[in-house]
Amino acid sequence: MAVSEAPVDLVRIGELSNRVGVSPELLRAWERRYGLLQPLRSQGGFRLYSPHDEARVRRMQKELARGLSAAEAAVAAISSVVEKTSRTDAPSSAIERLRGELADALDLFDDAAAQSCLDRLFGTFSVEAVLRDVILPYLHDLGARWAAGDVNVGQEHFASHLIRGRLLGLARGWDQGGGPRAVLACPPGELHDLGLMSFGLALFRQGWRITFLGSDTPINTIEGAARTLPADMIVISATQPGYFMSSAEALTELTRTAPLGFAGAGASARVASAIGGHYLGDDPVEAARRISHGGWAEAE
Ligand code: B12
């Protein structure tokens with residue numbers, strides 16, 4: 001996305017290459033193959049790299065020097081920088097101010113201002129912090145304002161499409177690497193997939209590979225994909241329990257293919273145990289962290 005003003009210390013590929021001592025060609029290859037770099041775009045279309053990208057490259061070099069393969073080194077680099085940046089999250093006032101600016105821009109259908117605000121957020125804070133402190137609360141609030149009649153359907157559609165586009169941009173390369181693989185989908189009839197997408201991004205940054213089937217997916221095709229890949233975990237998300245319960249039999253069958261996690265406002269420990277899976281709790285970023293640190297750790 002275009003950056004109208006340089007938000008932080010963003011540099012072009014040549015400067016990044018000088019700083020880290022890796023050729024631009026190799027940096028591009030790491031970006032393409034492993035999603036190691038997550039550049040923003042200048043208005044002229046150039047890729048701009050943040051200090052987070054630089055930190056990931058440095059970590060990648062260390063891991064390669066220790067003898068890891070490039071794919072393993074990339075996974076280690078991505079997850080290590082996540083942990084570090086999550087601890088240095090921004091002062092809450094700065095992130096809240098940007099969240100307010102984003103909401104104003106989206107309410108006014110101001111695409112450029114909203115993109116620029118998201119550039120500043122992703123250029124300054126970790127992806128996890130932006131998801132947890134801006135995107136997810138914003139979407140939640142958007143629904144409340146829509147239900148109260150304070151924003152109309154056009155504003156809600158504009159905002160959710162713009163955010164979806166940005167999240168998909170961050171998802172590039174999320175099926176690469178050597179980590180375990182998760183298949184993510186919503187059951188038949190369920191269109192809300194942004195929480196699941198956010199979870200996928202957070203899990204990818206913990207070293208998992210993501211195959212995202214998204215909204216309204218027949219259970220037998222989830223099973224087919226999970227068998228073919230194969231999947232180490234399947235996560236299904238829905239806003240209402242009925243979306244799970246109306247496919248309860250097929251979902252129980254699905255647990256034979258891979259461990260099954262339930263999430264979204266319609267999920268609960270009760271739904272999960274009735275069907276035979278695990279409830280992941282209500283925080284996509286925290287759930288990704290928990291899973292990557294030793295299992296489901298069932299949230300009640
Ligand atoms: C964007 C949006 C849409 C978009 C969805 C686009 C997309 N690709 O996702 C569109 C326009 C398609 C849409 C359609 C509809 N929507 Co809508 N939508 C929203 C909105 C504004 C944001 C949804 C969102 O992404 N939220 C962010 C998520 C992450 O928040 P959350 O659902 O509260 O989830 C929390 C947890 O459950 C958990 N979580 C969620 N997913 C995951 C995944 C994992 C792995 C984990 C661990 C946790 C987790 O994290 C969140 C934070 O705690 C919400 C408002 C809201 N409160 O969310 C309404 C909302 C979900 N929609 C609603 C409604 C009513 C509808 C429609 C029926 C409207 C209509 N009349 O057509 C249709 C139904 C479509 C369908 N069949 O599914 C209601 C649902 C009410 C209910 N009890 O089910 C809401 C709550 C609005 C409201 N306040 O009334 N919607």
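**View 1. H192 lies in the loop between β4 (181–185) and α9.** The model shown is predicted. From the protein, the cobalt atom of the ligand receives a single donor, NE2 of H192, at 2.2 Å.

**View 2. Helix α9 (residues 194–204) and helix α7 (residues 127–147) come within 11 Å of each other, axis to axis.** The two axes cross at roughly 170 degrees. Angles over 145 degrees count as roughly antiparallel, and α7 and α9 are therefore roughly antiparallel to each other. On the α7 side, the contact is made by L131, L136 and L139. Their counterparts in α9 are L194, G195, S198 and L201. By class, the residues of this contact are 5 nonpolar and 2 polar, with no charged residue.

**View 3. β4 belongs to an open sheet of 5 strands with parallel pairing.** The strand order is β5-β4-β6-β7-β8. β5 (209–214) and β8 (278–279) are the edge strands, and each pairs on one side only. In general, strands of a sheet pair through backbone hydrogen bonds, in either a parallel or an antiparallel manner.

**View 4. Strand β6 (residues 233–237) pairs with β4 in the parallel sense.** The pairing of β4 and β6 extends over 4 bridges.

Note on methods:
Residues numbered from 1 in each chain as written. Predicted model: local features only at pLDDT ≥ 70, side-chain atom pairs only at ≥ 80, totals over all residues. Heavy atoms only, no water. Axes fitted to C-alpha atoms, helices over the stretch in contact; angles between N-to-C directions. Helix = DSSP H or I, 4+ residues; strand = E, 2+ residues; numbered from the N terminus. Parallel < 35°, antiparallel > 145°, perpendicular 65-115°, else oblique. Contact = heavy atoms within 4.5 Å. Nonpolar A, V, L, I, M, F, W, Y, C, P; charged D, E, K, R; others polar. Donors = N, O, S within 2.8 Å, 3.2 Å for Na, K, Ca; no water. Pairing = 2+ DSSP bridges.
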